[in-house]
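Trainee: I have a structure open on my screen and would like to learn how to read its features one at a time. Could you take me through them slowly?

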Amino acid sequence: MKLHLNKLASNKQIIMSIIFATIATWGIQNMIKGELTLLSYSNSIFSWIWFVILMFLWYKTLEIDNSNALAIRILLALFFSASLVFGSIIIKSGYAQANKGQTWVAIISGTFLWYPLITIALKSISKINLNLQVFKEPKCITKLSEKFPILFEIIVWIIIFLSWVPNLIASFPGIYGYDSVYQINFYINHRFSLHHPIIHSYLLGFFTITVGDAIGNRQIGFLLYILIQMAILSFAFAETIRNLRNWHLPFIVQLVMLLLFMFLPTNSIMSFSSTKDIIYSATFLLMVLQWAKLVVNNKYLESKKSVALTIVIVFINLIFRNNAIYVNIMAMIIGLLIFHKWKINKKILSIGIISCVLFGVYSGPITALAGGVKSDSLQEMLSVPIMQLSRAATVGSPQLNSEDISEIAEYIPDYSKYTNNQQGISDLMKQTFNSDLCKSDPKRFIALWIKVGKKCPTSYVDAFLRLTIGLWYPDMNYRDPQAYHPYWEYDNTSQNNKNWVLITRQTPTSFQWLEKWLHNLSYNNNYQSMPIFSMLFSSGFFVWNMLLYITYAFYKHSYQLLFPAAFLFALWLTLLLGPVVLYRYIYPLVITTPVLLGLILKNEQNILKLGDD
């Protein structure tokens with residue numbers, strides 16, 4: 001009888017696997033970007049290969065106990081599928097087609113692909129962790145790190161720093177981005193727009209102008225700032241490696257992370273880019289590491305030194321990006337909810353309050369004394385509504401009357417530029433946004449936004465998805481043809497204005513080949529022709545990693561793991577409201593991914609006991 005029941009269960013499993021694999025195989029074609037010519041997938045042997053693979057995956061999935069975080073895994077599979085379906089449709093047609101039934105059929109069918117992949121991946125992590133242990137660390141490294149831990153970290157720090165030096169020489173004296181031009185001008189005039197963090201404008205201006213003039217060479221002054229920034233970022237990476245070692249992660253994981261820190265080209269490019277985002281990213285990584293230490297050892301904050309260090313790192317992080325305060329408040333609230341029954345809850349609350357108070361003092365009287373001038377942040381904050389109204393007034397205009405269009409034009413005089421290959425960046429529309437009119441009667445603007453949204457809901461959805469596509473669609477092509485800005489900057493600015501202080505690039509002859517290679521990487525984005533490797537440059541890929549990590553925390557019932565990820569998630573939410581998708585914006589998520597991986601593997605070593613070490 002038991003044998004008969006097992007046979008029936010096995011037959012049912014096979015039938016369900018065939019059905020689900022068929023649906024998933026059909027769904028794949030709707031998630032592939034680009035035009036499928038000559039029935040290149042549906043009328044291809046590759047569809048059979050996918051079918052067999054998926055049938056096997058579904059058979060294995062149905063054998064697994066699927067009760068853990070079932071809803072979360074289904075939601076993640078649905079998100080992955082929707083991201084690829086919407087992304088591929090937008091790339092092809094410019095419209096998400098969210099109002100069409102066939103789009104949602106494609107999304108549902110794609111979910112049947114991602115659900116078994118996610119489930120098996122989560123189930124396999126413990127086995128992968130065990131298999132990674134076979135890679136033994138060389139004894140000389142073990143002895144050095146155990147006897148001289150500080151020296152070992154310094155060596156790692158120096159190795160990472162030196163690995164970036166050839167690219168710096170090729171790009172001498174560093175990347176002088178367009179924002180830097182304005183910030184240097186602020187420093188010269190001692191009138192700082194708070195659109196940029198004033199501390200960064202001061203640092204950049206002090207070394208480039210004050211130190212540069214003192215030594216008679218502004219290029220060298222600029223280089224000194226770049227070297228300090230490189231030192232800060234490489235230290236954050238070295239500190240990450242130190243913590244991975246302290247968590248006893250497999251040596252191969254430590255080695256791969258070190259090699260990525262050293263040789264992933266974007267790390268070196270970001271390290272000598274003068275943009276404000278780099279020191280913010282470094283301190284963001286250090287801050288997430290602090291909270292990760294607390295997750296691994298709930299006694300970490302019992303030391304006054306640890307509390308003080310955490311406050312300092314959080315405060316420094318806050319002053320290097322204008323929206324950092326919102327990110328930290330959201331994440332802290334999540335942390336308080338997670339640890340509401342733990343004694344450390346009071347420590348987390350105290351650190352959050354003290355950091356916010358310090359930031360309040362800094363951003364108030366201190367910033368005013370330092371020459372800070374408030375900028376019109378409303379334009380930046382309303383980037384999404386501005387783009388939605390602009391699309392409705394152009395692409396969705398048949399649903400609007402002349403009065404609607406005229407009212408939109410009052411707020412956004414340049415709304416028509418939306419159709420001029422500007423759907424991926426809000427700058428041209430937001431720069432003419434009538435902030436004064438909006439501030440004088442905000443209810444009127446909100447009423448307009450709601451009224452137009454009711455008439456043109458698909459335009460609102462399309463505008464938001466097209467503006468933010470890189471933040472959820474890992475297969476996005478760069479450079480984005482709908483955003484004139486490059487994915488990341490490499491060339492120095494050459495704005496033709498006699499009032500600007502320009503820093504010119506002087507590449508040594510023997511390094512010109514490397515400069516050309518970095519230029520092609522940055523502007524031709526030739527890395528996209530390399531399978532697997534290309535994803536290491538994708539913003540959406542790292543967002544997916546973060547969401548998969550969050551799903552893992554629910555799957556393992558290790559909810560304390562959610563706290564470090566809360567900072568990444570909160571940052572991602574603020575980026576979704578931003579004016580454009582740039583690599584430097586997402587860079588904090590990129591470089592904190594090793595911390596998330598480290599916490600997963602650490603959790604596998606001591607499952608369900610993390611935090612009780």
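Mentor: We shall go through surface, rings and charges in turn. This is a predicted model, in which local features need pLDDT of at least 70 and side-chain atom pairs count only at pLDDT 80 or more, while totals for chains, interfaces and linings use all residues. Residues are numbered from 1 along each chain as its sequence is written, and side-chain values use heavy atoms, with hydrogens and water left out.

Trainee: Which residues make the nonpolar surface patch?

Mentor: In general, patches are made of residues with over 30% relative accessible area and no salt bridge, where like charges are joined within 9 Å and nonpolar side chains (Val, Leu, Ile, Met, Phe, Trp, Tyr) within 5 Å. Accessible areas come from the Shrake-Rupley method with a 1.4 Å probe, and for residues only the protein chains shown count as cover. Here I45, F46, W48, I49, W50, V52 and I53 make a nonpolar patch of about 740 Å².

Trainee: How many aromatic pairs does a search of the whole structure find?

Mentor: Rings of Phe, Tyr and Trp (its six-membered ring) pair if their centres lie within 6.5 Å; planes under 30 degrees apart count as stacked, over 60 as edge-to-face and the rest as tilted. The search finds 44 aromatic pairs. In one of them, W472 and Y473, the ring centres are 6.2 Å apart and the planes stand at 50°, so this pair is tilted; both residues are buried. W488 and F537, by contrast, are stacked, with 6.1 Å from centre to centre and 25° between the planes.

Trainee: Which parts does the pair of W488 and F537 tie together?

Mentor: W488 lies in the loop between α22 (457-468) and α23 (512-523), and F537 in the loop between α23 and α24 (539-555), so the pair ties together parts 49 residues apart in sequence. W488 is buried at 2% relative accessibility, and F537 is buried at 1%. Both also belong to a cluster of ring pairs that includes Y478, Y487 and F533.

Trainee: What are the closest N and O atoms of D179 and R584 doing, and how far apart are they?

Mentor: A salt bridge is a side-chain nitrogen of Lys or Arg within 4 Å of a carboxyl oxygen of Asp or Glu, and the structure holds 22 of them. D179 and R584 form one, with their closest N and O atoms 3.6 Å apart. Since D179 lies in helix α7 (residues 178-189) and R584 in helix α26 (residues 583-605), the pair ties together parts that are 405 residues apart in sequence. D179 and R584 are both buried.

Trainee: What does the charged end of R505 sit over?

Mentor: A charge sits over a ring if NZ of Lys or CZ of Arg is within 6 Å of the ring centre and within 35 degrees of the ring normal. The charged end of R505 sits over the ring of Y490, 4.2 Å from its centre. R505 also forms a salt bridge with D491, with 3.9 Å between the closest N and O atoms.

Technical notes
Buried < 20%, exposed > 50% of the residue type's maximum accessible area, 1.4 Å probe, protein only. Helix = DSSP H or I, 4+ residues; strand = E, 2+ residues; numbered from the N terminus.
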